[in-house]
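Student: I have a new structure open and would like to go through it piece by piece. Can we start with the charged side chains?

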Amino acid sequence: MAVAGCSSKSTTTNSGGSSAAGGTQSIKALVQIDQQGKAVSQTGTATAADPAGDGKATCAPTTAIAMAGALTGANAALGINIDDGAKLAVQQHNKANPGCQVVLKNFDTEGDPQKATQVVPTVISDQSIVGLIGPAFSGETKATGQVLSDAGLPALTSSATNASLTKNGWKTFFRGLANDDVQGPSVAHYMTGTGGFKKICVVQDDSDYGVGLAKSVTAALGSAGDASCAANVKTGDKDFSATVSKLSAAKPDAIFYSGYYAEAAPLVEQLRSGGVTATFVSDDGTNDPQFTKQAGDSSKDALLSCPCGPAPDTFATNYNALNGQAPGVYSVEAYDLTTILLKAIDAGKVTRADVLNYVRSYDSQGLARHYKWDATGELSNATIWMYQVK
């Protein structure tokens with residue numbers, strides 16, 4: 001699932017703590033919500049697992065963790081956010097543990113399911129790799145989940161949210177955040193409750209992520225979701241004139257866009273230039289600094305949901321120092337999931353099977369949330385965050 005942009009060096013953040021770049025807009029955390037759209041308190045981070053451990057770990061010098069996702073292409077920003085989060089966890093671990101220098105290997109899928117089917121076998125064949133952070137997007141995860149499961153390689157995704165992914169019987173897949181069947185009702189009820197929107201048009205792209213989330217949102221909206229103004233677009237589209245005309249005629253209170261920022265940015269620009277003033281609401285695929293950078297002032301006041309949490313201050317400082325930019329969507333999750341793999345290695349789990357068993361029984365706090373999985377690889381408890389462009 002996970003989204004993209006031309007540059008990874010925007011200093012705008014969706015973590016709720018930094019100022020904008022490329023314009024006056026930035027993405028700020030508003031509230032954490034449950035599936036009824038109601039506010040819930042944020043979990044404390046004081047007891048979060050530390051990748052540094054006790055500094056006494058030992059491991060073979062070839063021990064490696066992989067990251068697979070879009071590092072180039074239209075949706076590269078989200079993959080880079082994940083890679084940079086993983087990189088910070090590995091750096092902190094290696095600095096504290098001279099006897100265990102874990103290697104982070106990244107693999108560029110461009111967010112393309114077909115490309116991922118070519119890349120993932122390379123990951124699997126590298127026996128030094130004991131765990132994978134990824135795949136990043138839902139489509140590429142769907143295309144590769146079975147071969148990863150067959151290979152016994154633990155695959156911890158910080159971003160793939162399509163709900164059906166955990167229904168395939170895969171044995172090595174773990175989702176590090178809420179799925180779209182949690183996000184859909186949460187956002188829908190927030191829009192009709194706190195937002196007070198009475199008429200909502202749902203627009204979706206044609207990705208596995210966009211289609212799945214739109215279905216979940218639409219189902220939960222009930223009568224507030226106006227089927228007559230629902231619209232479909234394609235990934236890669238830049239001309240949304242037909243969709244804008246349809247939405248302009250419908251005069252909704254809000255528009256929910258289910259997809260990625262590469263299309264959300266020009267869509268909201270064309271909506272505003274076409275005189276459509278309805279509140280623009282979108283998802284974690286849009287919740288990236290590239291959305292505000294590309295859409296500019298048209299992005300103002302947009303509401304963005306995400307199963308990802310805002311970055312704590314200390315994490316944001318360390319992340320910025322290492323990567324030269326603020327954390328983005330999924331950065332914290334990638335850091336937490338990489339920390340879990342590092343803790344497995346530090347505990348002497350040196351085979352994929354051992355690491356897999358360690359993750360299956362994991363039960364501990366991270367920066368973003370508490371991590372404990374059921375037998376399908378879903379978190380036992382997961383919530384959604386709402387953000388706003390200000």
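Student: Which side chain meets that of Lys115 in a salt bridge?

Tutor: The side chain of Glu110 does, at 2.9 Å from N to O. A salt bridge here is a side-chain nitrogen of Lys or Arg within 4 Å of a carboxyl oxygen of Asp or Glu. Before going on, note that this is a predicted model, where local features need pLDDT of at least 70, side-chain atom pairs count only at pLDDT 80 or more, and totals for chains, interfaces and linings use all residues. Residues are numbered from 1 along each chain as its sequence is written, and side-chain values use heavy atoms, with hydrogens and water left out.

Student: Why would two such side chains pair?

Tutor: Side chains of opposite charge can pair when their charged atoms come close.

Student: Are Lys115 and Glu110 buried, partly exposed or exposed?

Tutor: Lys115 is partly exposed, with a relative accessible area of 24%, and Glu110 is partly exposed at 40%. Buried means under 20% relative accessible area, exposed means over 50%, and partly exposed is in between, using a 1.4 Å probe and protein chains only.

Student: How many salt bridges does the structure hold?

Tutor: It holds 7. One of them joins Asp126 and Lys105, at 2.6 Å from N to O. That pair links distant parts of the chain: Asp126 is in the loop between helix H2 (113-125) and strand E5 (129-133), while Lys105 is in strand E4 (residues 103-108), 21 residues apart. Helices (H or I, at least four residues) and strands (E, at least two) are DSSP runs, numbered from the N terminus. Lys105 is partly exposed, at 26% relative accessibility.

Student: And what does Lys87 pair with?

Tutor: Asp84, in a salt bridge of 3.3 Å from N to O. Both residues lie in helix H1 (residues 76-96), 3 residues apart, which is about one turn of the helix. Lys87 is partly exposed at 34% relative accessible area, whereas Asp84 is buried at 6%.

Student: Staying with H1, at what angle does it cross H9?

Tutor: The axes of H1 and helix H9 (residues 313-323) cross at roughly 100° and come within 10 Å. That makes H1 roughly perpendicular to H9. Axes are lines fitted to C-alpha atoms, for helices over the stretch in contact, and angles run from 0 to 180 degrees between N-to-C directions. Angles under 35 degrees count as roughly parallel, over 145 as roughly antiparallel, 65 to 115 as roughly perpendicular and the rest as oblique.

Student: Which residues meet there?

Tutor: On the H1 side they include Asp84, Lys87 and Leu88, and on the H9 side Phe315, Tyr319 and Leu322 are among them. Contact means heavy atoms within 4.5 Å.

Student: New topic. Where is Tyr330, and is Tyr330 buried or exposed?

Tutor: Tyr330 sits in the loop between H9 and H10. At 0% relative accessibility, Tyr330 is buried. Its phi is near 75°, a positive value in a residue other than glycine.

Student: What about H10 itself, how much of that helix is buried?

Tutor: In H10, 14 of the 16 residues are buried, so the helix is largely enclosed by the rest of the structure. Helix H10 covers residues 331-346, and its end C-alpha atoms are 22 Å apart, in agreement with the 22 Å it should span at 1.5 Å a residue. The expected span is 1.5 Å times one less than the number of residues. Just after H10, Gly348 takes a positive phi of about 90°.

Student: Which parts cover the buried residues of H7?

Tutor: The cover includes H1, helix H6 (241-250) and H8. Among the buried residues of H7 are Tyr261, Glu263 and Leu271. Gly275 follows H7, with a positive phi near 85°.

Student: One more. What does Ser186 touch?

Tutor: Leaving aside neighbours within four places in sequence, Ser186 is in contact with Ile33, Asp34, Gln35, Gly37 and Ile384. The C-alpha atoms of Ser186 and Ile384 are 6.9 Å apart, although 198 residues separate them along the chain. Ser186 is found in helix H4 (residues 180-192) and is buried, at 1% relative accessible area.
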